[in-house]
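Student: I would like to go through this model and ask what lies behind each label.
Tutor: Go ahead, and I will set each value against its definition.

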Amino acid sequence: MKRYVSLISIALLATVSSAMAQEKIKIGSALALTGGLADEGIKQAVAQRMWVRRVNEAGGIQVGDKKLPVELVEYDYQSDGNRAAQITEKLINVDKVSFLLAPYGSGHTKITATVAERYQVPIISCVASSESVFNTGNKYLFGTLASLNSLTDAMAHLFQSKMPNTKRLAILARDDVFPKSVADEAAKSAKALGIDVVYFELYATGTMDQTSALSAMKASKPDWILGTGYNQDLILLRKQMSDIGLTAPIVSMVIGPAVRDFIDGVGPSLAENVTAVTWWHQSQKFTGIGPWRTSADFYNDFKKENKAEPDFVNAACAAAPIAYQAAIEQTKSLDRNKVRDALSHLDIQTFYGRIKFGQNGMNEARDMPILQVQDNEVKVLYPPAVANAELRRVDH
Amino acid sequence: MKFRSLAILILWALALLSVSLLQNNYAMRTATMIAMFSTLAYSWNFIGGLAGYPSFSTAAFFGLGCYVGALGQVHGLSIPSAWFLAVIVVGAFSAAIGGILLRLRGHYFAVGSIAIVELCRLLITSIPGLTGGGSGLNVPLVRWSPDAVGLLFLVVMVTLFIMVGLVTQVVQRSRLGFGLRCINQNEDAAEMVGINTTAYKIVAYVLSAIFCGAVGAAYASWTGYIDPNEAFNSLMSIKVPVMALLGGAGTLLGPAVGSVIFILLEEVAWSNFLEWNHAIVGLVVVVLVFCLPNGLLRLNFSNILTLKPARRIWERV
Amino acid sequence: MNTIQLIINGLGTGAFYASIAVGFSLVWGVLNVINMVHGSLVVLGAFLGFFFWKITGLNPVFSVPFVAVSTFLIGATLQSVFINKVVSAPVLTTLTLTFGLDLILYNVMTVYFTASIRRVTTSYGNIDLGSAVVPIDRLYVAIFALLITGILYLVLRMTSIGRAIVAVRMDKTAAALMGIWVKSVYAITFGIGAMMAGVAGAVSTLIYPVTTGLSGAFLLKAFIVCVIGGLGSIPGALFGGLLLGVIESFAGYAIGPQNSLTLALAIMLFVLLVKPTGLMGVKGFD
């Protein structure tokens, strides 16, 4: 209902504004507000809307000699790929947006980016991190999450250095773009350091019962267990691991504990000492341009506004439009191709860290914070500059 | 006039094509979707409407068509060849499966046809080396301007629509159509009267499959990316029969009417009642079953005006 | 390969599958209606159980009486208002109708309960048998599933309403001639089916997450169990459920979790073709 009302008011505002001949910067966004990805989609929506509000409170974005307000045009694509394509066409043709923000989900990002490319509209994804999304040569697609290759290298290094007896890695991954990529990369990172991958299986989307796979994993006697998937999968996994008495000194879930819902979902006992790696954590000391100067500013603002802590999804999705802001200010225009070129050469600092898009459109590799739940709090183990705890063994 | 319904179909197809003149790509996309779902609804009509076998396999054929078409293109086939290959493979698959599945009737056939969709989806997912598994498959893109691409796929879908419409016309008037209607009424009696029910049913099933396969292959090329959940979407298996039922299963124009109304309803619902999408589709279904049990085209207006309850089609006997 | 552990896992999951299938099987067997709303009813029960736990802090098992009554009423109402009208209709109509109703229920739940995934975070630990481990909450669920299945079986056998239901299942015209109010029996049966679903859902919160996303998965399991075990037969549903659980357990170990579902479906198709009435089915319907 709220959305309906806000869309109506946006529409009214738009008509009134156009009657007053005032320009706006229109950014379109297809969001998964219902359906399987709704949880994550809503996080994206919350962050984006916050950015729009802050920017408009400051008067808008500087385009040459004018300051123009931003309008976010959203539609719910119901976690359905066909709809995602349809909405993208609608945003471009009917709503006449200048730029796009990609939806949650690598597959759906690909679909919307395909449409965007045809129309030559820049599109930034704040949540896609798999190489396969960015390797189709789409010059209009950019992503603020860095490639996940670096994700697993850091983890493997840290674990091996803190617990040198880590020799056997077991992986159970969801058969889906992102979780599977993480698993593949983890296997590579581990092998490069001499760690054996003693178990590696995929599970289908929607699997409710992992006990057979976990029993098989138990038989392989791992020192390090890695589970990948989305929130509900990981919660189930951790629970069922405990059901059959499977444990190891190191238990990692990607993304798992980086998101509060996971910790609440498994409960404090099972969340204890689970490790994860993520793209951003509020303790990192970044500063930069945009509505929030520092990570702490963003954290506090988000917490005040939403009564909850932000996670990396919120952060990446609030940061993505900052890239547009910088590009528009640089080119002093809303011309799509000029902005696209500006984006490809962008090199800015923000509360989220550096945004510098590489050749394939992905953000540069960065130090990924490694987290661990200790005493029901999320602590940072890496990078050393912000680390506030040491790696602990999982004991149950 | 014998060819009245055919003329209406062709006029409608031309109307859909003319949407391209509106210079609105979004409208063109909607028209393409209408053509696409009309084709699917007509396909279902062969086995579900004419023969009366409640098939929920639409998604299986569509999905297979997507994957074969996509894989063909990935391995270097030209787009038309890939699509043609999809039709052949889906046709062969449906003939094989049909031979087994059509031995079942009623509930069991329905359940079996649903299981086929799931089975296909799982099988595709379990050979990731070939199909990309859960991560999906990138399809080589048609690198034309968006207007041209939009027009291309509008033409493709409308062409498929006309083709399936024509085949429906031919089948309705042929011995096959007659045989299928007999099977629908009373299969055992039909068998006794000398109709080769097995052969007829399989033909109907294959017909219901090949157009779905073609549509699937075209869809894959259009979107540029498919994954098992998109391609084998069980919601599609329900929506398509509902469209055919809405217009009137087994009639010549029913599926077309039903799909237009359903899609436009969906668009309206989706633009205005974001959160209640599913419920609105559900509501349409409930209304359909109670008020329009025989479909819109068989609505007896005089009955409605005198408030007589519709005699349901299954109460005919 | 720890066979004992796999069997224990399989039986535990299987008992749960049986509990969700039993209501589905009853409705299909007696009313000849494939109830596509069943999965969502399980989820509804799960939500009710979850909120109960959230508010009272008690084990969701205690929510069962309340959930049972609510879902029974919902089921009976659904039946009298909607399903009764199409009871003699062909499967296409009934399936489509129940699917439509399911879409509505699904949407209502998603809007009012929101899409976020909930969990009952209780933790009861394991019983260590040496070579295998029995998780206690799975044990609860299994015992409970067997209990409600057993009670239903006794009800059908021993109470007069139970016998009326069985009579209608066997031959509804004859039953009507015997003075049984078939319409009421239908409503009650559907209510019982919904109740079983809801109660199974409430108990499922101990081991599974609570989310509308699982309704399709639950429904599919119910399908498979019914086909394998046989329609309208309680022992059949129990047998089918346990068998499915054990097969999945071993298959998951041997060929991976992904493929075990494929195997289950393939087996279902096979049984459908070879013995449609299921391995222990009573009268099969056309």
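Student: What makes A:Arg54 and A:Glu57 a salt bridge?
Tutor: In this predicted model, where local features need pLDDT of at least 70, side-chain atom pairs count only at pLDDT 80 or more, and totals for chains, interfaces and linings use all residues, the closest N and O atoms of A:Arg54 and A:Glu57 are 3.2 Å apart. A salt bridge is a side-chain nitrogen of Lys or Arg within 4 Å of a carboxyl oxygen of Asp or Glu, so the pair qualifies. Residues are numbered from 1 along each chain as its sequence is written, chains are lettered from A and ligands numbered from 1 in the order in which they are written, and side-chain values use heavy atoms, with hydrogens and water left out.

Student: How far apart in helix 2 of chain A are A:Arg54 and A:Glu57?
Tutor: They are three residues apart, which means about one helical turn. Helices here are DSSP runs of H or I with at least four residues, strands are runs of E with at least two, and both are numbered from the N terminus.

Student: Why is A:Arg54 called buried?
Tutor: Its relative accessibility is 17%. Buried means under 20% relative accessible area, exposed over 50%, and partly exposed in between, with a 1.4 Å probe and protein chains only. A:Glu57, at 59%, therefore counts as exposed.

Student: Which residues are linked with A:Arg54 and A:Glu57 in a network of salt bridges?
Tutor: The network also holds A:Arg53, A:Asp301 and A:Glu305.

Student: What makes A:Glu185 and A:Lys188 a salt bridge?
Tutor: Their closest N and O atoms are 3.2 Å apart. The two residues sit three positions apart in helix 7 (residues 177–192) of chain A, about one helical turn. A:Glu185 is buried at 13%, whereas A:Lys188 is exposed at 54%.

Student: What does the salt bridge between A:Lys43 and A:Asp311 tie together?
Tutor: The closest N and O atoms of this pair are 3.1 Å apart. A:Lys43 lies in helix 2 of chain A and A:Asp311 in the loop between helix 11 (295–306) and helix 12 (312–331), so the pair ties together parts that are 268 residues apart in sequence. Both A:Lys43 and A:Asp311 are buried.

Student: How many salt bridges are there over all chains?
Tutor: The search of the whole structure finds 31. Between chain A and chain C the count is two. One of them joins A:Lys239 to C:Asp137, with the closest N and O atoms 2.8 Å apart.

Student: How do you know that chain A and chain C touch?
Tutor: Contact means heavy atoms within 4.5 Å, and 30 residues of chain A are in contact with 31 residues of chain C. The two chains bury about 2400 Å² between them, 59% of it on carbon and sulfur atoms. Buried area is the accessible area (1.4 Å probe) that two parts lose on being put together, summed over both. A:Met208, A:Lys239 and A:Asp243 supply 25% of the area that chain A buries against chain C, more than any other three residues.

Student: How many salt bridges cross the interface of chain C and chain B?
Tutor: The rule finds zero. The area buried there is about 3700 Å², of which carbon and sulfur atoms give 82%. On the side of chain C that touches chain B, helix 4 (91–113), helix 9 (215–229) and helix 11 (257–274) of chain C each give two or more residues. Helix 4 has the largest share, 16 residues.

Student: How many helices and strands does chain C have, and what makes chain C as compact as a globular protein of its length?
Tutor: Chain C has eleven helices and two strands. Its radius of gyration is 18 Å, close to the 19 Å that the globule rule gives for 286 residues, so the chain is as compact as a globular protein of that length. The radius is taken over C-alpha atoms, and the rule is 2.2 Å times the number of residues to the power 0.38.
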